[in-house]
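I opened a new structure today and wanted to know how its inside is put together. My notes follow the model itself.

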Amino acid sequence: MKKPKWVVQKEQDKKAQGRETVWLFGLHAVRDALMNPAREKLRLVVTLNAQNKLAEAIESAGVTPEVVDSRRFAAPLDPGSVHQGAALEVKPLDWGRLEDVCIGPASPRVVMLDRVTDPHNVGAILRSAEVLGASAVVGTRHHSAPETGALAKTASGALERQPYIRVRNLADAIKALQDMGYLVLGLDGEATQTIEAAVEGKRDRPVALVLGAEGPGLREKTKETVDALVRIDAAGQFGSLNVSNAAAIALYASRASA
């Protein structure tokens with residue numbers, strides 16, 4: 001009996017994920033990855049200077065570094081990468097199921113990304129999510145930024161601690177959170193209701209904030225699936241915010257205690 005296409009695709013995706021590796025670079029990103037026991041580490045390339053700076057983390061991780069000349073840095077990185085003499089090949093982190101990660105402390109907050117593909121934006125969002133106590137950041141597998149060295153460097157270590165889950169279908173993930181009791185709010189500059197107004201009297205509920213890519217914004221399917229469209233309360237006329245800035249403001253505006 002021939003397997004359905006979706007089954008074949010799922011099996012192929014799983015095999016591809018098993019082969020996937022990521023090169024992290026920069027002292028901060030590499031140090032935090034080395035110190036993360038959940039991170040599978042494959043190959044560490046460092047200059048002598050970087051090795052000295054990372055000595056404690058290298059010893060803690062129990063890896064043997066390849067020490068190279070700074071003029072012949074051996075890691076396969078983009079020429080423009082500011083690696084600071086350190087690069088680490090790793091397997092992507094597995095944070096488990098959406099349902100497990102998003103059942104967190106009282107009144108958890110989740111950030112969902114609708115086709116936000118810029119790794120620098122996603123990295124910055126992970127930093128904000130960690131600082132402001134979000135349970136997870138959720139993107140899609142095929143139309144969101146994957147784990148990359150650039151994302152990890154911008155996240156400044158948050159990638160190792162802040163759950164970043166990529167789901168097959170965002171609308172299905174939204175419905176799953178709604179079934180778990182989440183109030184799901186989509187950010188839209190044209191919305192008539194502010195975030196504060198939408199959560200008034202509901203701050204004890206878990207909240208998911210859905211943000212779209214700069215320019216296109218949320219897709220129509222996403223707008224139809226969320227519980228309400230909201231905007232960031234702003235003084236006077238202004239242009240659109242960078243998506244990472246919008247995520248930080250939205251998390252703060254929707255916090256459990258005003």
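This is a predicted model: local features need pLDDT of at least 70, side-chain atom pairs count only at pLDDT 80 or more; totals for chains, interfaces and linings use all residues.

Residues are numbered from 1 along each chain as its sequence is written, and side-chain values use heavy atoms, with hydrogens and water left out.

I looked up the elements. The chain has eleven helices and ten strands (DSSP runs: H or I of at least four residues for helices, E of at least two for strands, numbered from the N terminus).

I checked burial next. Of the 258 residues, 47% count as buried (under 20% relative accessible area, 1.4 Å probe, protein chains only).

I then searched for nonpolar cores (buried Ala, Val, Leu, Ile, Met, Phe, Trp, Tyr and Cys residues joined through side-chain atoms within 4.5 Å). The largest has 50 residues, and Leu126, Leu185 and Leu211 have the most contacts inside it. Helix α11 (residues 243–253) gives this core its largest share, six residues. Another core, of 20 residues, lies apart and includes Cys102 and Ile174.

I followed Leu126. Leaving out residues up to four places away in sequence, Leu126 touches Val137, Leu151 and Tyr164, among others (contact: heavy atoms within 4.5 Å).

I ended at α11. Its buried residues include Val243, Ala247 and Leu251. What covers the buried residues of α11? The cover includes β5 (109–114), α6 (119–131), β8 (183–187), α9 (195–199) and β9 (207–212).
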